[in-house]
Amino acid sequence: MKCALICVALCVAAAVAIPVPDQNAETLKYDNNINGVDGYSYQYETSNGISAQEAGELKAVGEASALAVRGSYTYTAADGQVYTVTYIADENGFQPEGEHLPKE
């Protein structure tokens, strides 16, 4: 159970890692709410066009609990194209969607 939560958290952290760093970017907006066992949420926006939002809560899965997360992030790649990824991360794994991602 704890291993599954850690795995989901690591997947989400990897997904939010933006591939185009900008050391001069400034945070324009940041908000986070931690509601204990009722969940959490955050959102941010930077001066270089990166934005992200995410919300998570514990969800009953049979007799156990699992972290269920929904979120999205947007960034501008080196080619000037704006990419947006929305995702769910839950007991079924990390499930990203985006126009630029292959579909199954």
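Reply: Two strands are said to pair if DSSP finds at least two bridges between them. The model discussed here is predicted. With that term in place, E2 and E3 form a hairpin with four residues between them.

Me: Which residue in the turn between E2 and E3 has a positive phi?

Reply: E2 and E3 run antiparallel and are joined by six bridges. Within this pairing, tyrosine 44 stands opposite alanine 52 in E3. Four residues separate the two strands of the hairpin, and the one in the turn with a positive phi, about 90°, is glycine 49.

Me: In what order do the elements of the protein chain run from the N terminus on?

Reply: The protein chain contains one helix and six strands. Read from the N terminus on, the order is α-β-β-β-β-β-β.

Me: Is isoleucine 50 buried or exposed?

Reply: Isoleucine 50 is placed in the loop between E2 and strand E3 (51–61). Its C-alpha atom is separated by 9.4 Å from that of threonine 27, which is 23 residues away along the chain. The cut-off for a buried residue is under 20% relative accessible area. Isoleucine 50 has a relative accessible area of 11%, so the residue is buried.

Me: Which residue takes a positive phi in the hairpin of E3 and E4?

Reply: E3 and E4 pair in the antiparallel sense over eleven bridges. One of the facing pairs sets glutamine 53 opposite serine 72 in E4. Two residues lie between the strands of this hairpin, and a positive phi near 65° is taken by glycine 62.

Me: How many residues are in the largest nonpolar core?

Reply: The elements that give two or more residues to this core are strand E2 (40–46), strand E4 (64–76) and E5. Tyr44, Val69, Tyr73, Tyr75 and Tyr87 touch the most other members of the core, and its residues number 13.

Me: What share of the residues of the protein chain count as buried?

Reply: A residue counts as buried when its relative accessible area is under 20%. Tyrosine 73 and tyrosine 75 are both buried, and tyrosine 87 is buried as well. For the protein chain, with its 104 residues, the buried share is 27%.

Me: Are the planes of tyrosine 73 and tyrosine 75 stacked or edge-to-face?

Reply: The count of aromatic pairs in the model comes to five. In the pair of tyrosine 73 and tyrosine 75, the ring centres are 6.2 Å apart and the planes meet at 20°. Planes under 30 degrees apart count as stacked. The pair of tyrosine 73 and tyrosine 75 is therefore stacked.

Me: Which term describes the pair of tyrosine 73 and tyrosine 87?

Reply: The pair links distant parts of the chain, with tyrosine 73 in strand E4 and tyrosine 87 in strand E5, 14 residues apart. The ring centres of tyrosine 73 and tyrosine 87 lie 6.3 Å apart, with the planes at 50°. Stacked pairs have planes under 30 degrees apart, edge-to-face pairs have planes over 60 degrees apart, and the rest are tilted. The pair of tyrosine 73 and tyrosine 87 is therefore tilted.

Me: Which residues form one aromatic cluster?

Reply: Tyrosine 73 is a member of the stacked pair with tyrosine 75 and of the tilted pair with tyrosine 87. One aromatic cluster is formed by Tyr73, Tyr75, Tyr83, Tyr87 and Phe94.

Me: What is the bridge partner of alanine 89 in E6?

Reply: E5 and E6 run antiparallel and are joined by five bridges. A hairpin connects E5 to E6 through two residues. In E6, the bridge partner of alanine 89 is phenylalanine 94.

Me: Which element gives the largest share of the lining of the largest pocket?

Reply: The largest pocket has a volume of about 290 Å³. Strand E5 (82–90) and strand E6 (93–97) are the elements that give two or more residues to its lining. That lining has 13 residues, and Gln95, Pro96, Glu97, Gly98 and Pro102 lie nearest the centre of the pocket. The largest share, four residues, comes from E6.

Me: How many residues of the lining of the largest pocket are charged?

Reply: The residues of the lining divide into nonpolar, polar and charged. Six are nonpolar and three are polar, while the charged ones number four.

Me: What is the relative accessible area of histidine 100?

Reply: Histidine 100 lies in the segment after E6. Histidine 100 and tyrosine 83 are 17 residues apart in sequence, and their C-alpha atoms are 7.3 Å apart in space. Histidine 100 is partly exposed, and its relative accessible area is 33%.

Key. Residues are numbered from 1 along each chain as its sequence is written. This is a predicted model: local features need pLDDT of at least 70, side-chain atom pairs count only at pLDDT 80 or more; totals for chains, interfaces and linings use all residues. Side-chain values use heavy atoms; hydrogens and water are left out. On a 1 Å grid over the protein atoms alone, a cavity is a set of points where a 1.4 Å probe fits but cannot get out, and a pocket is an open set with protein on both sides within 12 Å along at least five of seven lines; lining residues have an atom within 4 Å of a point. Grid points are joined across faces, edges and corners, and a volume is the space filled by probe spheres set on the points. Ala, Val, Leu, Ile, Met, Phe, Trp, Tyr, Cys and Pro count as nonpolar, Asp, Glu, Lys and Arg as charged, and the others, Gly among them, as polar. A nonpolar core is a set of buried Ala, Val, Leu, Ile, Met, Phe, Trp, Tyr and Cys residues joined through side-chain atoms within 4.5 Å. Buried means under 20% relative accessible area, exposed over 50%, partly exposed in between (1.4 Å probe, protein chains only). Rings of Phe, Tyr and Trp (its six-membered ring) pair if their centres lie within 6.5 Å; planes under 30 degrees apart count as stacked, over 60 as edge-to-face and the rest as tilted.
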